[in-house]
Amino acid sequence: AKLAGHTAAMALNLDQMVSRAATAPSLVVIDLAFPLADPQAVAAKLAEMPEPRPKFVAFGPHVDTTRLAAARAAGCAAVFTRGQFLLNMPAAIASV
């Protein structure tokens, strides 16, 4: 994240995400392998925030096509497989 000009902070639930996103980050990253990751809920919470809202991206296992598709449908700025994201994280983040 630092290489792409972002500051990273971890959140394990929606309340933490909202609290940390309120400090004006430009990007929220969702790990779809985390069982509680819900791109629809994240999109709804971000939509409640004042402008400028952070963009959000998601990544997950390439075999989990259902969750990757759900992230796209939720309005993620970009959705990556885990391999795409981890192998080239700075470029992946910079692309949104």
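These legends describe close-up views of a predicted model. Local features need pLDDT of at least 70, side-chain atom pairs count only at pLDDT 80 or more, and totals for chains, interfaces and linings use all residues. Residues are numbered from 1 along each chain as its sequence is written, and side-chain values use heavy atoms, with hydrogens and water left out.

**View 1. Strand S2 pairs with S1 and with S3.** Strands here are DSSP runs (E, at least two residues), and helices are runs of H or I with at least four, numbered from the N terminus. Two strands pair if DSSP finds at least two bridges between them. S1 (residues 27-31) runs parallel to S2, with five bridges. Leu27 stands opposite Lys55 in S2. S2 and S3 (residues 78-81) are also parallel, joined by four bridges. Here Ala58 has Val79 as its bridge partner.

**View 2. Strand S2 (residues 55-60) is mostly covered.** Five of its six residues are buried (under 20% relative accessible area, 1.4 Å probe, protein chains only; exposed is over 50%, partly exposed in between).

**View 3. The rings of Phe59, Phe80 and Phe85 form a cluster.** Rings of Phe, Tyr and Trp (its six-membered ring) pair if their centres lie within 6.5 Å; planes under 30 degrees apart count as stacked, over 60 as edge-to-face and the rest as tilted. The structure holds two aromatic pairs. Phe59 and Phe85 have ring centres 4.5 Å apart and planes at 10 degrees, so this pair is stacked. Phe59 lies in S2 and Phe85 in helix H4 (residues 82-87), 26 residues apart. Phe80 and Phe85 have ring centres 5.9 Å apart and planes at 35 degrees, so this pair is tilted.
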